[in-house]
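Q: I am new to this structure and would like to learn how to read its features. Could we go through them together?

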Amino acid sequence: MLIIKNGMIHDGVHREAFRGDILVEGGKIAAVGEGLQAPEGADQVDAEGLGVYPGFVEAHGHIGLDGYGIGYEGMDYNELNDIISPQMRGIDGVKPFDPAFPKAAAAGVTCVCVGPGSANVLGGTFTTIKTVGKRVEQMLVRDGVAMKCAFGENPKRVYRDKKDSSRMTTAALLRETLFKAGEYLEKKQAAGDDISKRPGFDMKLEALIPVMKGEIPLKAHAHATEDIFTALRIGREFGLKITLEHVTEGHLIVEELAAENVPLAVGPTLTSASKFELRNKSFQTPGVLAAAGCQVSIITDSPVIPQEYLPLCAGLAVQAGMEPFAALQAITINPARHAGIADRVGSLEAGKDADIVIVDGSPFDISGRVRHVFIDGRAVRSLRD
């Protein structure tokens, strides 16, 4: 058991912080309030003068799949031989001993949504994991939370001489596969328990069934306005759930995105404009979208930006005009909602995982110092100590 006393609690759901205590039992938050009593034998942390925050959450990255400091042979986040590969599972590529994980945990990034990159039109499923553990099963929050698809420059660059040389081709390949997946599902449903009438097993189409049923979203890589609208258009055509990833030019189409009411993961922004579709990137984008009522998550797309700089990216968005509470939500409860795990993480509320960060100063400020990190109620040694 653990009790954190006298901290200034920023719970991620209420705009105003408040002075109070947090009781942790069995790796979960048992209570949040004032004057909580420590059970006999409980560990105690005095957070007087410190800020207490939910563990920070990344809605879209590749930490553990793109190895830290080990070059090309350590990269497992893109299948480069098949442009349609929905059967890939991000969980199978995660390296728990990647040195990037302890760096992330020490900075207060406690939960990440990770999976395949954007080389393929369909890349496979994302998984949500904590940033500590010796095997991925120990880190797992929820697997198969979204199906990655990609628009724009990446698929046509990787497959230009093989399969895809235009945005039209990318859209056509996605539509073709979704049509096949819909037909495959209909045949399976029509066959019922009669095995003889079922279609022949197809692992790619089988992997798309949760998407076709609306159980998980298409996680659509889209930087440019035209790619954002193509993703939304195809989602409507097939009646699918969609989340938009990167949204680099989102500030150019604010009213349209606000009307669409889909989750937006914005970033990575702390980079150079390395390709044409990034030429309009700006740290103003998340704040502009949030002010219009959009559900915004700020992302590093790690390792494009090192995972530990997620709170810094939120701070740079604040510096560019984002309201601080919106920025906090953009690295806590919003990414948890984006990844479908808000019942577990993203806020300091009773019943949720005890992922807690205690900071001297502001986590958005480079001078802010992380004093304590707890993941599932267990202390994580800070590399900054």
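Q: Is Phe238 buried or exposed?

A: Welcome! This is a predicted model, where local features need pLDDT of at least 70, side-chain atom pairs count only at pLDDT 80 or more, and totals for chains, interfaces and linings use all residues. Residues are numbered from 1 along each chain as its sequence is written, and side-chain values use heavy atoms, leaving out hydrogens and water. Buried means under 20% relative accessible area, exposed over 50%, and partly exposed in between (1.4 Å probe, protein chains only). Phe238 has a relative accessible area of 17%, so Phe238 is buried. Phe179, at 55%, counts as exposed.

Q: How many aromatic pairs are there?

A: Rings of Phe, Tyr and Trp (its six-membered ring) pair if their centres lie within 6.5 Å; planes under 30 degrees apart are stacked, over 60 edge-to-face, and the rest tilted. The count here is two. Tyr53 and Phe56 have ring centres 6.5 Å apart and planes at 50°, so this pair is tilted. Tyr53 is buried at 8% relative accessible area, and Phe56 is buried at 0%. Phe179 and Phe238 make an edge-to-face pair, with 4.9 Å between centres and 65° between planes.

Q: Which residue lies over the face of Phe276?

A: A charge sits over a ring if NZ of Lys or CZ of Arg is within 6 Å of the ring centre and within 35 degrees of the ring normal. Over Phe276 lies Arg279, at 3.8 Å from the ring centre. Likewise, Lys219 lies over the face of Phe126, at 5.1 Å from the ring centre.
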